[in-house]
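Try each task yourself before you read the solution.

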Amino acid sequence: MQEKFNDIKNRLKEELSSVASVRLLSDIKVKYVGKSGEVTSLLRGMKDIAPEMRSSFGKMVNDLKEEVSALIAVKEAELKEKELLEKYEKERVDITLPGKSEKAGNIHPLNIVKNQILDAFCGMGFEIFEGPEIDTDYYCFQALNIPKDHPARDMQDTFYFTDNILLRPHTSPGQVRTMESKQPPIKILSPGRVYRADDDASHSPMFHQIEGLVVDKGVSLCDLKGLLDEFVRIMFDSDTKTRFRPSFFPFTEPSVEVDVTCCKCHGKGCSLCKGTGWIEILGAGIVNKNVLEMSGIDSNVYSGLAFGLGIERITMIKYGISDIRTLFENNVKFLKQFNRR
Ligand code: PHE
C-alpha cells in the first residue's frame, strides 16, 4: 500500500514540476483529489480492507490527501504569482505618455443666442409656449387676418403638404393657439423652426424665429417700445439705440419694423449696415383687433402687442456673420469660435 502511496506522490511531484499554468494545474488537481481523483478513489476501496485495518487505512489516505493538496497549493501560489508578474509586465503602461483628451462639443451659436433671447424675456416675466411646426392654413394665415388669396401670403410663400396643411412660415400661429387656450393676462414667447421658399446668403429655407405676445388691459405701443428697448439693451451694447419704422403686417395695426444702431460702426455707417447706421432686427406691432376677436378675446377690454424676430438674423448681427449658410454647414472650425466659456 505504502508503495502505491509513494507512487502517487512521485507521479504528482513529477507532473507538478513541469506544469506551466494555473489552468493546467487545476486539471492535475482534479486528477488527484477531485471527486473521482486517484486519492479520493482510494477511500472507495475501503470495503476491501479488513475491518480492523480500516481506521488506520482511512487515516493514511487522509494524510496522503492533505500532503497532496498541500503540494498542489504551494504550486498554485507559485504559478499565480508568476502569472501576475507576467501580466504586469505585459500590460505595463507608460504613465509619462501624454493623455488622450476627449473633444467636448459646444453650444451652437444659434442656441447661444436663442438662450440669451429667451433669458432676456423670461426675466421680464414671459412664459414659453411651443407650437407645432406643421400647421393648418387657418393658424398660419386666416386667424392672423390673412385670408385666402391675400397678397401678404406671397412674402411667405411656403411648403404645403395639402391645400390646408403646411410647414409654418412664421411662429405667429403661436399667438393664435395661446389666445385660444388662455384668457389675458398673456405674456408668452413662442420659439421654433419656420420654413419659407427662400435661399440666399441672408435667407435660408429653414430658420428660427421667436414670437412674443402680450395681451392685457391697456397694452400700447409705448409698452412695445419699452419692452424692446430693454431687450436690445440686454442683447447688444448698452449704448445701442432702437428706432421704430412704420410697416405693415395684416395681424398687427399699427405695425412697425424695429432697427438698432449698427453694432459695428455704432451708427456712423459701414458695410454691415449698408451705410445707413441702422440694422433691422424684427417686426412688431399692436395686435389687430380682428385677430383678438377671432381667437375669442374681447378687443373692447383687452389689447395686445406682438413681435417676431429671426434668431439667425440676430446671431449674424451680433457676431458679424455675413452668410447665413455658415450657421447650417456644421464646419467645426467655424462652430469652435463660439466656444468662449
Ligand atoms: N410674423 C412676422 C414675420 O414672420 C413677424 C411679426 C410677428 C410681425 C409679430 C409682427 C408681429 O415676418
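**Exercise 1.** Find out whether Lys-274 is buried, partly exposed or exposed.

*Solution.* Step one is the rule: buried means under 20% relative accessible area, exposed over 50%, and partly exposed in between, with a 1.4 Å probe and protein chains only. Step two is the value: Lys-274 has 75% relative accessibility, so it counts as exposed. Step three is the place: Lys-274 sits in the loop between E7 and E8. Helices (H or I, at least four residues) and strands (E, at least two) are DSSP runs, numbered from the N terminus.

Two notes before going on. This is a predicted model, in which local features need pLDDT of at least 70 and side-chain atom pairs count only at pLDDT 80 or more, while totals for chains, interfaces and linings use all residues. Residues are numbered from 1 along each chain as its sequence is written, and side-chain values use heavy atoms, with hydrogens and water left out.

**Exercise 2.** Look at the backbone of Lys-274 and of His-266, then find the cis peptide bonds at Pro-185 and Pro-254.

*Solution.* Start with the background: most residues other than glycine have a negative phi, and most peptide bonds are trans. Lys-274 is not a glycine, yet its phi is positive, about 50 degrees. His-266 also has a positive phi, near 55 degrees, and lies in the loop between E7 and strand E8 (278–287). With 43% relative accessibility, His-266 counts as partly exposed.

Now the peptide bonds. Pro-184 and Pro-185 are joined by a cis bond with omega about 5 degrees; Pro-185 is in the loop between helix H7 (173–181) and strand E4 (186–195). Glu-253 and Pro-254 are also joined by a cis bond, with omega about 0 degrees, and Pro-254 belongs to strand E7 (residues 252–261).

**Exercise 3.** Describe the largest pocket: what is its volume, and which element gives the largest share of its lining?

*Solution.* First, the terms. On a 1 Å grid over the protein atoms alone, a cavity is a set of points where a 1.4 Å probe fits but cannot get out, and a pocket is an open set with protein on both sides within 12 Å along at least five of seven lines; lining residues have an atom within 4 Å of a point. Grid points are joined across faces, edges and corners, and a volume is the space filled by probe spheres set on the points.

Next, the values. The largest pocket has a volume of about 1,300 Å³. It is lined by 49 residues, and those closest to its centre are Ser-202, His-203, Glu-280, Ile-281 and Arg-313. E8 gives the largest share of this lining, eight residues.

Last, the classes. Ala, Val, Leu, Ile, Met, Phe, Trp, Tyr, Cys and Pro count as nonpolar, Asp, Glu, Lys and Arg as charged, and the others, Gly among them, as polar. The lining of the largest pocket has 22 nonpolar, 18 polar and nine charged residues.
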